[in-house]
Structure formats: structure tokens, C-alpha cells
Amino acid sequence: WEFNGSFYQPSAFLMMGIPGLEALHPWISIPFCALYLTALLGNCVILFIIKRTQSLHEPMYYFLSMLAVTDLGLALCTLPTTLGLFWFNVRRIGFDACLTQMYFIHILSFIESSVLLAMAFDRFIAISHPLRHPSILTKSTVLKIGLAIVLRGMVSLLPIPFLLKRLTYCGKTELSHSFCFHPDIMNLACADIKVNVFYGMIILLSTVGMDFIFIVLSYVLIIRTVVSLATKEECLKALNTCVSHICAVLVFFIPMIGLSMIHRFGKDIPPLVNTLVAYTYLIIPPALNPVIYSIKSTHIREALLRALRRKSG
């Protein structure tokens with residue numbers, strides 16, 4: 001502990017694995033390793049395929065590349081502490097290291113939300129204004145959107161580590177997960193955390209909350225456009241281009257909303273449920289997104305098969 005008058009700050013926090021199943025951590029690490037491996041390899045393959053295939057150099061796949069980079073970042077943020085705990089029972093994480101990990105986890109989560117919104121906007125333009133799509137979403141426009149997404153995440157979350165460092169901590173130093181999460185750290189403080197709660201809620205609602213609302217609005221407009229199409233075949237073809245994105249949105253937002261609700265209102269929910277929802281939120285989307293797009297996107301699948309044929313040949 002560091003002492004400075006009445007100010008107390010722990011030198012480290014203790015991370016938790018899966019409550020009640022500590023003895024099984026080495027076995028539990030096997031599916032986690034499979035998920036991390038899928039996330040790392042899958043997203044690297046997506047990036048490689050898009051870079052090597054000239055026909056995929058268009059807005060939809062540029063945004064998919066951003067999603068893949070974000071998913072790689074999320075997987076790499078939690079992999080060292082999660083597998084370190086499961087394999088070697090390394091529970092200790094330094095205070096500043098914890099704040100750094102938390103900052104990047106939240107930034108990447110916010111970036112993923114914004115990229116999913118950008119992809120929804122891309123699908124809306126492609127279906128509602130197909131002839132104007134190339135002129136609206138040019139390469140420079142996509143680059144500007146990407147930079148704006150990153151800057152929004154970095155700037156909006158910049159005060160969070162400083163708001164946590166100003167708090168006095170005492171008593172428990174055990175986190176609820178094998179990674180650092182803002183509400184988790186905040187609840188260990190024995191000081192007034194109203195500013196942290198208020199700022200966290202405002203930022204969450206004004207970024208991820210607004211992203212989700214605009215994604216839903218985009219699909220309302222897409223459905224209106226699709227319904228007005230002349231034939232059933234055209235309607236199904238248009239909707240089929242959105243299936244992968246809808247799956248990615250559901251895989252990301254459902255556990256994220258669940259985890260936010262648990263941290264704010266789920267005081268009586270068993271710790272095991274909290275832990276499972278947190279792992280689902282941070283590990284499942286990076287692993288599933290490349291699988292979803294590889295299965296549902298004809299262009300990605302065909303480019304992947306061509307690459308495999310060249311390798312085997």
C-alpha cells in the first residue's frame with residue numbers, strides 16, 4: 001500500500017478466475033485457448049484476404065478490416081492476464097498496469113461499437129442509394145470515419161484512469177474478473193464514486209448507447225427500402241448482405257448490455273453469472289466475427305478458397 005496522509009492506493013489488485021471452479025482452471029483454459037487462437041488466426045486471415053484481394057478494396061471490407069483490427073486488440077488485451085491466471089495462477093496485477101489494461105479494453109469496446117455503426121451506415125447507403133454509394137463512401141471518407149472513431153474513443157475515455165487514481169482504496173482488492181474493468185475497480189474504492197458513476201454512465205449512453213440506437217434506425221430505413229423493392233428475389237438478396245453484420249451486432253451488444261446491467265443493478269446475481277457474461281462479452285465476439293464473415297460473405301469465402309488453392313498448388 002502507498003500512504004500519503006489520508007490517501008491510500010493499493011500497489012496491486014488481485015484478479016479472479018471462475019468462482020468455485022478454481023481447481024479446474026487448467027482444464028477450463030483449453031476452450032479459452034481455442035477461442036483466443038480462433039480470434040487471432042481468424043482476424044489475421046480476414047486482414048490478409050482483404051489486403052491481397054483487389055476486388056475487396058471497397059468500403060464494406062475496409063470497415064470489416066477495422067473490425068478485425070479492433071477484435072485483435074481486444075483479444076490481445078485480455079489474453080495475457082486470463083491465460084496467466086488459468087495456467088500459472090498469476091493473480092496479481094499492478095495498479096497502473098490495471099488502469100492501462102482497463103483503458104484499452106474500454107477504448108477498443110467503444111471503437112468496435114462505432115465500427116458496427118459505420119458498417120450499418122455503409123449497408124444503408126449500399127441498399128438505399130446503390131449508384132451513389134462509391135461517391136459517398138470514398139477511400140478518404142472511410143479513412144476520416146476511422147480516425148474519428150479512434151479519436152472519439154480515446155478522448156471520451158481519457159479522464160477515466162485519472163478519476164480512478166484520485167480515489168482512496170481500502171479493504172478488498174479482489175477484482176471480479178481476470179482483467180480490469182472500470183465498474184469493478186471503482187467499486188473497490190472507499191470514497192465517494194458519484195463522479196465516476198455519473199461520468200461512466202454519460203459516456204456509455206452518449207457513445208455505445210447512441211451507436212446502438214443509430215444502428216437500429218439504420219435497419220428500420222433499410223427494411224423500408226427493401227420492402228419497396230419490386231421482386232422477392234431482390235428483397236432477399238439485399239437482406240442477405242446484412243446478415244453477417246446483424247450477427248456481429250447481436251454478438252457484441254447483447255453481452256455488453258447484460259454486463260452493464262449486472263454491474264449497475266445486479267448486486268444479488270451470483271458471481272459465476274457475472275464472470276460468464278464478462279467473458280462472453282470480451283472473448284466471444286473477436287472469435288466469432290471472422291467465422292461469421294467467412295461463412296456468410298461469399299466474396300470473403302471465395303477469396304479464402306482461392307488463397308488455399310494457391311497454397312496447395
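Student: How many salt bridges does the structure hold?

Tutor: Keep in mind that this is a predicted model. Side chains of opposite charge can pair when their charged atoms come close. Here, the number of salt bridges the structure holds is four.

Student: Which residue forms a salt bridge with Arg91, and what does the pair tie together?

Tutor: The closest N and O atoms of Arg91 and Glu174 are 3.1 Å apart, and the two form a salt bridge. Arg91 sits in the loop between H2 and strand E4 (92-94), while Glu174 sits in the loop between helix H6 (159-165) and helix H7 (182-186), so the pair ties together parts that are 83 residues apart in sequence.

Student: Let's turn to open spaces. Which element gives the most to the lining of the largest pocket?

Tutor: The largest pocket has a volume of about 600 Å³. It is lined by 21 residues, and those closest to its centre are Met60, Arg123, Lys237, Thr241 and His299. Two or more lining residues come from each of helix H2 (59-88), helix H3 (95-128), helix H9 (232-240), helix H11 (271-296) and helix H12 (298-312). The one that gives the most, with four residues, is H9.

Student: How many residues in that lining of the largest pocket are charged?

Tutor: Arg123 and Lys237 are among the residues closest to the centre of the largest pocket. By class, the lining of this pocket has eight nonpolar and eight polar residues, and its charged residues number five.

Student: Which element gives the most to the lining of the second largest pocket?

Tutor: This pocket holds about 500 Å³ of space. Its lining has 17 residues, with Lys172, Ser176, Asp184, Asn187 and Asn274 closest to the centre. Helix H10 (243-265) and H11 each supply at least two lining residues. With three residues, the element that gives the most is H11.

Student: And how many residues in the lining of the second largest pocket are polar?

Tutor: Lys172 and Asp184 are among the residues closest to the centre of this pocket. The lining divides into seven nonpolar residues, four charged ones and a polar group of six.

Student: How many nonpolar residues are in the lining of the largest cavity?

Tutor: Phe110, Pro183 and Leu204 are among the residues closest to the centre of the largest cavity. Five lining residues are polar and one is charged, and the nonpolar residues number eleven.

Student: Which element gives the most to the lining of the second largest cavity?

Tutor: About 50 Å³ of space lies in this second cavity, and its lining is made of Met60, Met119, Asp122, Arg123, Thr241, His245 and Tyr293. By class, that is three nonpolar, two polar and two charged residues. The element giving the most, with three residues, is H3.

Student: Now for the surface. Which element gives the most to the nonpolar patch?

Tutor: A nonpolar surface patch of about 950 Å² is made by Met210, Phe212, Ile213, Phe214, Val216, Leu217, Val220, Leu221, Ile257, Met261 and Phe265. The elements giving it two or more residues are helix H8 (194-227) and H10. Val220, for one, lies in H8. With eight residues, the element that gives the most is H8.

Student: How far apart are the end C-alpha atoms over residues 197-222?

Tutor: An unreviewed UniProt entry lists residues 197-222 under "transmembrane region", along with others including 62-88. Over residues 62-88 the chain is 100% helix and 0% strand, with end C-alpha atoms 39 Å apart. Residues 197-222 are likewise 100% helix and 0% strand, and the distance between their end C-alpha atoms is 36 Å.

Note on methods: Residues numbered from 1 in each chain as written. Predicted model: local features only at pLDDT ≥ 70, side-chain atom pairs only at ≥ 80, totals over all residues. Heavy atoms only, no water. 1 Å grid on protein atoms, 1.4 Å probe; cavity = no way out; pocket = protein on both sides within 12 Å on 5 of 7 lines; lining within 4 Å. Points joined across faces, edges and corners; volume = space filled by probe spheres on them. Nonpolar A, V, L, I, M, F, W, Y, C, P; charged D, E, K, R; others polar. UniProt positions renumbered as here; feature names shortened; annotations may be inferred. Patch = residues over 30% accessible without salt bridge, like charges linked within 9 Å, V, L, I, M, F, W, Y side chains within 5 Å. Areas by Shrake-Rupley, 256 points an atom, 1.4 Å probe, with all protein chains shown as cover. Salt bridge = Lys/Arg side-chain N within 4 Å of Asp/Glu carboxyl O.
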